[in-house]
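User: Could you walk me through this structure with a few questions and answers?

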2 protein chains.
Amino acid sequence: MAKALSDPRRVALLEAIGTADEYPCQRLCTEFPVSKGTISHHMKELLRAGLIRSRQEGQYKFFKVCRDTIAAYTNELMRRLAV
Amino acid sequence: MAKALSDPRRVALLEAIGTADEYPCQRLCTEFPVSKGTISHHMKELLRAGLIRSRQEGQYKFFKVCRDTIAAYTNELMRRLAV
DNA sequence: TGTGTTGTTTGATTGTTATCGAACTGTCGT
DNA sequence: ACGACAGTTCGATAACAATCAAACAACACA
């Protein structure tokens, strides 16, 4: 999780996805100056970390931020460092 | 900050420091199976990120977790992702 | 003043990761 | 069935990060 959040580009992607309830993959490809392959790679990482979920609709793919996972992470961080 | 928190060893060091109000550098060196150089490197990163502060006392050095910085980070994360 | 201890810096090595382009897979509309 | 579009996967490359060992600097004490 921390690893997934450590790349600025990935966080930017995550933030973009967070601006809407659901965010189309294709829009990420147009709005970020990176190749499709790279987007796909980052999405895979975010999925693996449980930070987003995806939904397929025909040939399109939509992403959604898992806000509870993020909340769980921040809580864990606070707990571990006893703030 | 996120970068600083993305390395497991560094988080472990941070946690160790967090177990006491102040933690001597030398104890980190004895309790973690890494060289002095590596410890020094990680401390530099944690300092740079504002996650710890250090205090010199003669030839010894002590570290202290900056809990408010961590709180600020988690808050920022929550805010940015509108949880 | 010298010796041991503490921590920093440096250079080399090694592993990881972000990125691209290209090849590939799957889905849609015609 | 075919051509266009959406994503994935792969191979290569380049940048970065963790680590060590060794050289170094600073301090303490005898």
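**Around the DNA strands**

User: Which residues come nearest to DNA strand D?
Analyst: A residue counts as near a molecule or strand if its C-beta atom, placed from the backbone, lies within 6 Å of it. This is a predicted model, in which local features need pLDDT of at least 70, side-chain atom pairs count only at pLDDT 80 or more, and totals for chains, interfaces and linings use all residues. Residues are numbered from 1 along each chain as its sequence is written, while chains are lettered from A and ligands numbered from 1 in the order in which they are written. Of the 23 residues around DNA strand D, the nearest are A:C25, A:G37, A:S40, B:G37 and B:G58.

User: Which element gives the most to the surface near DNA strand D?
Analyst: Helices (H or I, at least four residues) and strands (E, at least two) are DSSP runs, numbered from the N terminus. At least two residues each come from α2 (25-31), α3 and β3 of chain A and from α3 of chain B. The top contributor, with six residues, is α3(A).

User: And which element gives the most to the surface near DNA strand C?
Analyst: DNA strand C is surrounded by 24 residues, with A:G37, A:G58, B:C25, B:Q26 and B:G37 the closest. Elements supplying at least two residues each are α3 (36-48) of chain A and α2 (25-31), α3 (36-48) and β3 (60-65) of chain B. Giving six residues, the leading element is α3(B).

**The core and the two chains**

User: Which residues have the most contacts inside the largest nonpolar core?
Analyst: A nonpolar core is a set of buried Ala, Val, Leu, Ile, Met, Phe, Trp, Tyr and Cys residues joined through C-beta atoms within 7 Å. Buried means that 20 or more other C-beta atoms lie within 10 Å of a residue's own, with C-beta atoms placed from the backbone. Here the largest such core has 34 residues, and those with the most contacts inside it are A:L14 and B:L14.

User: Which residue of chain B does A:L14 touch?
Analyst: Two residues are in contact if their C-beta atoms, placed from the backbone, lie within 7 Å. Leaving out residues up to four places away in sequence, A:L14 touches A:L46, A:L51, A:I52 and A:V65, and from chain B, B:L81.

Terms used: A residue is buried if 20 or more other C-beta atoms lie within 10 Å of its own, exposed if 12 or fewer, and partly exposed in between; C-beta atoms are placed from the backbone.
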